[in-house]
Amino acid sequence: MRRLALASLALLAFAAHAETSSPACKPNAKWAEPAPPLKVFGNTYFVGTCGISAILVTSNDGAVLIDAGVEEAAPLVEANLRALGVKLDDVRYILNTHEHNDHVGGLAKLAIDTHATIEAREPGASALERGRGGPDDPQFKLGLTFPPIANVHRIKDGDHVKLGTIDIVAHATPAHTPGSTSWTWTSCEGDRCLRIVYADSLTPVSDDDYRFSDDAAHPGVLDTFRRSIATVGALPCDILLTPHPDASDLWHRLGPDATAPLVDAAACKRYAAAATKNLDARIAKEKGTAKP
């Protein structure tokens, strides 16, 4: 307990230093481009790369990590944890948004190095253990793979991951992949508490053969996609984070070069509205009704 309390002090000191001394990430960064660890709010920290998010939530009883980035990013995430004063074995759980190599490529190494419990919803959990998505993944035929992870613990929509004062809730948002999951929790600074949403990707990206509008080949997928968008849009949302920082304009909202407010209660609604627009455009293209 004393070690974790001292680590908490180190987190506060480092976060204050990082905001003023670290180079800023820029939009459209490469996936493995190193980023400094940054305090988001309260006990929530960004520990990923400039191009791909990894989010740390801390407590005196340990920490929870969400996402791991590409395979090459694992040492960068671990270095960010150490820079914040968090030992690898303080990470008790690692959660996942979706089963693509840009977000889980580094998960196998982090799982080994931290001894953390890996949590994911089906069918994402099976994909993590297999090392690639299944045939129901819109990007399946791209052949994307990642190092497999053993013994993934299955969770369900609405389940809570609890550790000390941490209480993170899983929200099924199967859209970008069948296992896509968004996560919510509350972080506090003194008496001020904010609702944080780590909303998974809602982009209709696929291989060349997949059609979201083909209900015969993919029954119910389009309706499920729209329900997932609605789920994210309805979440109580003071701070929006996303697996790709650019999707939520993070580098204009966080870090030494921030020009926009980090706190925005309408951010999730706008994220959902943009996702609906993108999906509608994709369906129109598939049906040949898109405007030139």
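## Reading the sheet and a helix pair

Tutor: In this predicted model, five strands form an open sheet of mixed pairing, in the order β8-β9-β10-β11-β12.

Student: What makes β8 and β12 the edge strands?

Tutor: Each of them, β8 as well as β12 (239-241), pairs on one side only; from one strand to the next, the twist averages 20°.

Student: How do you know that β8 and β9 pair?

Tutor: Pairing requires at least two bridges between two strands, and four bridges join β8 (residues 160-163) to β9 (residues 166-172), so the two count as paired, and they run antiparallel. Leu163 stands opposite Ile166 in β9, and the two strands form a hairpin with two residues between them, where Gly164 in the turn has a positive phi of about 60°.

Student: How do you know that β10 and β11 pair?

Tutor: The requirement is again at least two bridges, and β10 (residues 181-189) and β11 (residues 192-198) are joined in the antiparallel sense over seven bridges, so they count as paired too; in β11, Leu194 is the bridge partner of Ser187.

Student: Turning to the helices, why is α6 called roughly antiparallel to α7?

Tutor: Helix α6 (residues 221-234) and helix α7 (residues 267-286) pack at an angle of about 160°, their axes being 7 Å apart. Angles over 145 degrees count as roughly antiparallel, which means that α6 is roughly antiparallel to α7.

Student: Which kinds of residue make up the contact of α6 with α7?

Tutor: The residues of this contact divide into 10 nonpolar, two polar and three charged; among them are Phe225 and Ile229 in α6, and Tyr271 and Leu279 in α7.

Methods:
Residues numbered from 1 in each chain as written. Predicted model: local features only at pLDDT ≥ 70, side-chain atom pairs only at ≥ 80, totals over all residues. Heavy atoms only, no water. Axes fitted to C-alpha atoms, helices over the stretch in contact; angles between N-to-C directions. Parallel < 35°, antiparallel > 145°, perpendicular 65-115°, else oblique. Contact = heavy atoms within 4.5 Å. Nonpolar A, V, L, I, M, F, W, Y, C, P; charged D, E, K, R; others polar.
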